[in-house]
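Colleague: Can you put the model up? I'd like to go through the side chains with you.

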Amino acid sequence: MLQKTTGQLEAEISEAITRFEREYMGRGPQETRTQLLEDCVLVRLRGVLTPAETQLVHMDNRLEGRRLVKRMRTELLENARPLLDTMISHITGRGVVSMHTDISTVTGERIILFTLDKPHA
């Protein structure tokens, strides 16, 4: 069996994360980019905020709206962690050690970083 190139793995991860966002979160990103960096998988999603989340971010008390969106998005992703770990492990052939995420309520961009148990070959 031929080993997949880094570009093929990155594209497969981007497609899987986009599908996850659409099916689990209710809306897919406008753009997804993935980079494999040694023992890390960096996924950058653009345009992930829903119209309702955008309204929360722009309400009178912006700070509270931003906190709500960030907290909700983080909780949803943490709850889906077993699914995401399995997805990344299946594609990369590596175990997932940890996952880190943040979302910008200003730009609507989300970053997800997975650390793997060993570097990408």
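Colleague: How many aromatic pairs does a search of the whole structure find?
Modeller: The search finds 1 aromatic pair. This is a predicted model, and the pair is formed by Phe20 and Tyr24.

Colleague: Is the pair of Phe20 and Tyr24 stacked or edge-to-face, and why?
Modeller: Stacked, because the ring planes are at 15° and anything under 30 degrees counts as stacked. The ring centres are 5.0 Å apart.

Colleague: Where do Phe20 and Tyr24 sit in the chain?
Modeller: Both are in helix H1, 4 residues apart, so about one helical turn separates them.

Colleague: Change of topic. How many residues are in the largest nonpolar core?
Modeller: That core has 26 residues. Ile13, Ile17, Val41, Val43, Leu84, Ile88 and Phe114 have the most contacts inside it.

Colleague: Which elements each supply at least two residues of this core?
Modeller: Helices H1, H3 and H4 do, along with strands E2, E3 and E4. The largest share, 6 residues, comes from H1.

Colleague: And what does Phe114 touch?
Modeller: Leaving out residues up to four places away in sequence, its contacts include Ile17, Val41, Val43, Leu84 and Ile88. Asp39, Asp85 and Ser98 are also among them.

Colleague: Last one. Which elements have the lowest and highest mean pLDDT?
Modeller: Helix H2, residues 51-57, has the lowest at 88, and strand E2, residues 40-46, the highest at 98. The chain averages 92, with 98% of the residues scoring at least 70.

Terms used: Residues numbered from 1 in each chain as written. Predicted model: local features only at pLDDT ≥ 70, side-chain atom pairs only at ≥ 80, totals over all residues. Heavy atoms only, no water. pLDDT = per-residue confidence, 0-100. Core = buried A, V, L, I, M, F, W, Y, C linked by side-chain atoms within 4.5 Å. Buried < 20%, exposed > 50% of the residue type's maximum accessible area, 1.4 Å probe, protein only. Contact = heavy atoms within 4.5 Å. Phe/Tyr/Trp six-rings, centres within 6.5 Å; stacked < 30°, edge-to-face > 60°.
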